[in-house]
2 protein chains.
Amino acid sequence: MSELDPIIHAPARLRIMTTLDEALADGDEIAFPALQKLLDMTAGNLTTHLAKLEAAGYVASTKTFAGRRPATLVTITPAGRAAFRAYRVQLLDLLGGTR
Amino acid sequence: MSELDPIIHAPARLRIMTTLDEALADGDEIAFPALQKLLDMTAGNLTTHLAKLEAAGYVASTKTFAGRRPATLVTITPAGRAAFRAYRVQLLDLLGGTR
């Protein structure tokens with residue numbers, strides 16, 4: 001049985017990927033503060049875990065401006081969604097949960 | 001949302017608890033080598049993770065003799081089964097899998 005993807009399996013990143021997969025259709029983006037609120041996570045914690053997911057190519061973030069204020073938008077990449085779906089199937093099989 | 005139980009969440013221990021929960025009825029025991037074979041894990045790795053699960057009170061092991069050869073029997077404790085079932089419900093909810 002291949003190893004569960006450790007990039008996704010860490011609890012905080014699992015919650016981030018689950019939320020992005022559910023909240024965003026392909027190509028959608030979510031503002032960092034909105035994601036932070038959904039996850040009830042500190043900005044520092046979310047930034048740390050998003051950086052790890054981005055390094056793996058699972059999420060992407062773009063810096064932009066809302067009016068004159070800098071804003072960060074986050075999206076789940078096709079590779080990230082595919083990795084998460086494969087991880088989810090593997091974990092559900094392990095847990096004996098139906099998909 | 002309370003944190004996923006880190007004692008169970010580590011991939012190797014998740015596989016151990018899933019296997020013990022499925023393979024053993026309450027009070028049943030399994031011999032270490034049989035468990036090792038089921039999990040396809042090294043003896044060292046299994047020993048390390050069983051020690052952590054035993055420290056948490058989730059599994060128990062008893063030293064005995066098979067003939068004149070020492071043998072170790074492993075069981076899942078009621079507390080371990082309850083913790084695993086609660087963890088499983090929490091994870092399935094997170095993943096949107098049905099129980």
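1. The lining of the largest pocket consists of A:Phe32, A:Thr47, A:Leu50, A:Ala51, A:Glu54, A:Val59, A:Ser61, A:Lys63, A:Thr72 and A:Val74. A pocket is an open set of points on a 1 Å grid over the protein atoms alone, where a 1.4 Å probe fits, with protein on both sides within 12 Å along at least five of seven lines; lining residues have an atom within 4 Å of a point. This is a predicted model: local features need pLDDT of at least 70, side-chain atom pairs count only at 80 or more, and totals for chains, interfaces and linings use all residues. Residues are numbered from 1 along each chain, and chains are lettered from A in the order written.

2. The space in the largest pocket is about 150 Å³. Its lining holds five nonpolar, three polar and two charged residues. Helix H4 (43-55), strand E2 (59-66) and strand E3 (69-76) of chain A supply at least two lining residues each. H4(A) gives the most, with four. Helices (at least four residues) and strands (at least two) are DSSP runs.

3. Confidence: chain A has a mean pLDDT of 93, and 96% of its residues reach 70 or more. pLDDT is the predictor's confidence per residue, from 0 to 100. In chain A, H4(A) is highest at 97, while E2(A) is lowest at a mean of 93.

4. Between the chains, 20 residues of chain A contact 20 of chain B, with heavy atoms within 4.5 Å. About 1600 Å² is buried between them, and carbon and sulfur atoms give 67% of that. A:His9, A:Leu94 and A:Leu95 supply 33% of the area chain A buries against chain B, more than any other three residues. Buried area is the accessible area (1.4 Å probe) lost on assembly, summed over both parts.

5. A 180° rotation with 0.0 Å of shift along its axis superposes chain A on chain B, RMSD 0.0 Å. That is a two-fold axis relation.

Notes: Side-chain values use heavy atoms; hydrogens and water are left out. Copies are superposed by least squares on the C-alpha atoms of residues with pLDDT of at least 70 in both. Grid points are joined across faces, edges and corners, and a volume is the space filled by probe spheres set on the points. Ala, Val, Leu, Ile, Met, Phe, Trp, Tyr, Cys and Pro count as nonpolar, Asp, Glu, Lys and Arg as charged, and the others, Gly among them, as polar. Buried area is the accessible area (1.4 Å probe) that two parts lose on being put together, summed over both.
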